[in-house]
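This note sets out several points for a colleague meeting the structure for the first time. Please read them alongside the sequence and the coordinates.

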Amino acid sequence: MSTKALRLGTRRSKLAMAQSGQVADAVSQVTGRPVELVEITTYGDTSREHLAQIGGTGVFVTALRDALLRGEVDFAVHSLKDLPTGQPEGLVLAAVPEREDPRDVLVARDALKFTDLPRGARIGTGSPRRMAQLNAYARGHGLDIETVPIRGNVDTRIGYVRDGELDAVVLAAAGLNRMGRGDEVTDFLSVDTVLPAPGQGALAIECAAHQADLIAALGELDDPFTRAAVTAERSLLAALEAGCSAPVGALADLLADGQIVKEMRLRGVVGTTDGSRTVQLSTTGPVPETYDRAMALGRELAAEMLAQGAAGLMGERAL
Ligand SMILES: NCc1[nH]cc(CCC(=O)O)c1CC(=O)O
């Protein structure tokens with residue numbers, strides 16, 4: 001096999017550089033080849049307003065994918081939760097490595113926990129999914145909080161807490177951990193309170209479909225259980241016909257009896273951002289032996305959620 005360097009296309013953000021760097025090391029290990037990072041800059045990297053207008057992370061994913069399709073880079077690393085559910089022609093997910101902590105976390109002033117926030121506390125998050133679930137929990141437990149829409153990278157968000165503008169912000173544990181900033185977490189939100197975004201905490205390693213040798217080599221980094229879980233979660237998202245900015249949470253995990261794994265459970269939630277209405281359901285089935293089975297589990301849960309009115313709770317932003 002060649003000893004030529006593999007080119008890893010990456011965004012320039014601190015989070016992207018951290019996760020690309022970690023995957024680069026792992027790929028070097030399994031391929032015996034050096035990996036060089038190739039920074040792909042898009043207009044979205046330099047203009048906040050522009051990014052808000054054109055809608056989130058899609059622009060970055062598209063730029064990385066274009067570079068892959070043009071053969072300018074050999075592979076790319078994405079946060080799975082930022083990937084649209086449809087797989088584009090000519091590209092494959094060569095590996096989904098073992099998932100990091102999928103939970104959302106609070107970074108609050110004075111080391112506060114979620115349930116200890118004072119009345120009227122202002123919690124920053126730009127995610128309709130996080131707003132819906134935080135507000136639903138608050139309504140059900142007599143908490144008085146205000147969710148405040150914010151945008152920006154991890155530094156910007158935590159900055160709102162440091163400068164006293166907000167009492168807390170909600171972020172993903174995985175991103176903070178990968179950036180070596182896990183010590184800034186003041187509370188881990190139980191998935192019983194806030195279900196994460198489909199695919200949260202997992203990475204996707206993508207390359208061109210014709211690169212058979214590379215796909216086989218990258219495949220060593222694949223974790224089949226993580227892939228089955230995120231496949232079910234993303235199938236649910238797709239079957240709800242919701243995008244990655246919709247108020248949809250989902251998490252698949254294994255139910256074990258002692259050491260023996262019995263079943264896979266898939267939980268899903270949809271809600272209005274004010275938390276006044278939610279549809280939250282769960283289903284369990286045999287641990288899927290094929291990805292088609294994992295997809296079926298997602299579709300089945302989506303059908304039950306739609307039957308309970310899920311579609312009517314997602315329309316706030318779309319249309
Ligand atoms: N929406 C931005 C984004 N995309 C991926 C992560 C990190 C977590 C992950 O990889 O799932 C984050 C930051 C966050 O939500 O706090």
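Helices (H or I, at least four residues) and strands (E, at least two) are DSSP runs, numbered from the N terminus. The model is a predicted one, in which local features need pLDDT of at least 70 and side-chain atom pairs count only at pLDDT 80 or more, while totals for chains, interfaces and linings use all residues. Residue numbers start from 1 along each chain, as its sequence is written.

1. Strand β11 (residues 248-257) contains Asp-257. A residue counts as buried if 20 or more other C-beta atoms lie within 10 Å of its own, as exposed if 12 or fewer do, and as partly exposed in between, with C-beta atoms placed from the backbone. Asp-257 is exposed, because 8 other C-beta atoms lie within 10 Å. Its C-alpha atom is separated by 45 Å from that of Leu-69, 188 residues apart along the chain.

2. The domain assignment, automatic or from a database, gives domain 1 (6-98 + 202-222), domain 2 (104-188) and domain 3 (230-312). The centres of domain 1 and domain 3, taken over C-alpha atoms, are 26 Å apart. Their contact (C-beta atoms, placed from the backbone, within 7 Å) takes 8 residues from domain 1 and 6 residues from domain 3.

3. Phe-60, Val-61, Leu-64, Arg-65 and Leu-68 are buried in α4. They lie on the same side of α4, because they cover an arc of only 130° around the axis, the arc being that of the directions from the helix axis to the C-beta atoms. Just after α4, Gly-71 takes a positive phi of about 75°.

4. How many of the 16 residues of α9 are buried? The number is 12, so that α9 is mostly covered. The buried residues of α9 pack against β11, β12 (260-271) and α10 (291-307). Just after α9, Glu-241 has a positive phi of about 55°.

Terms used. Contact = placed C-beta atoms within 7 Å.
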